[in-house]
Amino acid sequence: MTASRIGIYPGTFDPVTNGHIDIIARGTRVVDRLIVAVAANPGKGPMFTLQERCEMLQQQVERIRNGDGSRIEIRPFDKLLMHFVKDIGATIILRGLRAVSDFEYEFQMAGMNTRLDPGIETVFLMASERQQFIASRFVKEVALLGGDVNPFVPAEVAERMRRKVQALDRRFA
Ligand code: ADP
């Protein structure tokens, strides 16, 4: 029997978007077990806490689970990615590629990670055309300015964003 292939899909997921979900669904076809690794990333000043980001992902993964989602796990981490990769025994890092703009950053990161551990491959996946332009950063901007984020994130996430923005508005009122 061949060993099962463990892949890790790391990101900030602040919050999870339809683009991320598309990549997760594709990822399950590439690896046997997929760990969605949620980076604490306090330096990025996230809108949602690590726990909230994990909860939202968990909820969406339950959906994918209708298919074969039992192979997907959500795990928070706050160390060097390559150390976490080793801890869980993954051999593949999955990343999503959007436009050309992602390429430079992803290229450098994949290169550095290969230097840190040549045994780990980074595999890039592209979301479907409809989801490719979605970025958490822009979705947050739309939400903060009172726009409708429903085309970009699952309904539960849109609702959480609405409540978060309301709470922020109250704080600054
Ligand atoms: P990070 O802080 O690591 O960029 P993100 O949560 O923004 O974390 O993204 C995690 C991964 O998902 C990255 O590889 C990113 O390029 C990818 N990604 C995000 N949105 C999309 C999308 N709409 N289509 C394809 N890949 C995406």
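The structure is a predicted model, so local features need pLDDT of at least 70 and side-chain atom pairs count only at pLDDT 80 or more, while totals for chains, interfaces and linings use all residues. Residues are numbered from 1 along each chain as its sequence is written, and side-chain values use heavy atoms, with hydrogens and water left out.

To start with the overall build, the protein has 6 helices and 5 strands. Here helices (H or I, at least four residues) and strands (E, at least two) are DSSP runs, numbered from the N terminus. Read from the N terminus on, the elements go β-α-β-α-β-α-β-α-β-α-α. The radius of gyration, taken over C-alpha atoms, is 16 Å. That agrees with the value near 16 Å for a compact globule of 173 residues, going by a rule of 2.2 Å times the number of residues to the power 0.38. The C-alpha trace spans about 60 × 35 × 30 Å along its principal axes.

Of the 173 residues, 46% count as buried; the word means under 20% relative accessible area, with exposed being over 50% and partly exposed in between (1.4 Å probe, protein chains only).

Next comes the ligand. There are 19 residues around it, and Tyr 9, Thr 12, Lys 44, Gly 96 and Gln 131 come nearest; being near takes one heavy atom within 4 Å. A side-chain N or O atom of Lys 44 sits 2.4 Å from a ligand oxygen, and a polar side-chain atom of Thr 12 is 2.6 Å from an oxygen atom of the ligand. With Gln 131 the backbone is involved: one of its N or O atoms lies 2.8 Å from a ligand nitrogen. On its own the ligand has 550 Å² of accessible area, and the protein covers 92% of it.

Most residues other than glycine have a negative phi, and most peptide bonds are trans. Phe 13, in this loop, has a positive phi of about 50 degrees although it is not a glycine. Phe 13 is also buried, at 2% relative accessible area. Pro 15 is in the loop too, and the peptide bond from Asp 14 to Pro 15 is cis, with omega near -5 degrees.

Asn 18 belongs to helix H1 (residues 18–30). With a relative accessible area of 18%, Asn 18 is buried. Setting aside residues up to four places away in sequence, Asn 18 touches Gln 131, Ile 134, Pro 151, Phe 152, Val 153 and Pro 154. Val 139, in helix H5 (residues 136–144), is buried at 2% relative accessibility. Among its contacts beyond four places in sequence are Thr 17, Ile 134, Phe 152 and Val 153.

Helix H3 (residues 81–88) has Leu 81, Met 82, Phe 84, Val 85 and Ile 88 as its buried residues. They sit on the same side of H3 because they cover an arc of only 160 degrees around the axis, judged by the directions from the helix axis to the C-beta atoms. Their cover includes strands S1 (6–11), S2 (33–39), S3 (72–77) and S4 (92–97), along with helix H4 (100–116). Just after H3, Gly 89 takes a positive phi of about 75 degrees. Asp 117, in the loop between H4 and strand S5 (121–126), touches Met 82 and Lys 86, not counting residues up to four places away in sequence. Asp 117 counts as buried at 12% relative accessibility.

Apart from residues up to four places away in sequence, Glu 73 touches Arg 33, Leu 34, Ile 35 and Val 36. Its side chain makes a polar contact with that of Arg 33 at 3.2 Å. Such a contact is a pair of N or O atoms within 3.5 Å; within protein, one must be able to donate a hydrogen and the other to accept it, and residues adjacent in sequence count only if both atoms are side-chain atoms.

Notes
Contact means heavy atoms within 4.5 Å. Accessible areas come from the Shrake-Rupley method with a 1.4 Å probe; for residues, only the protein chains shown count as cover.
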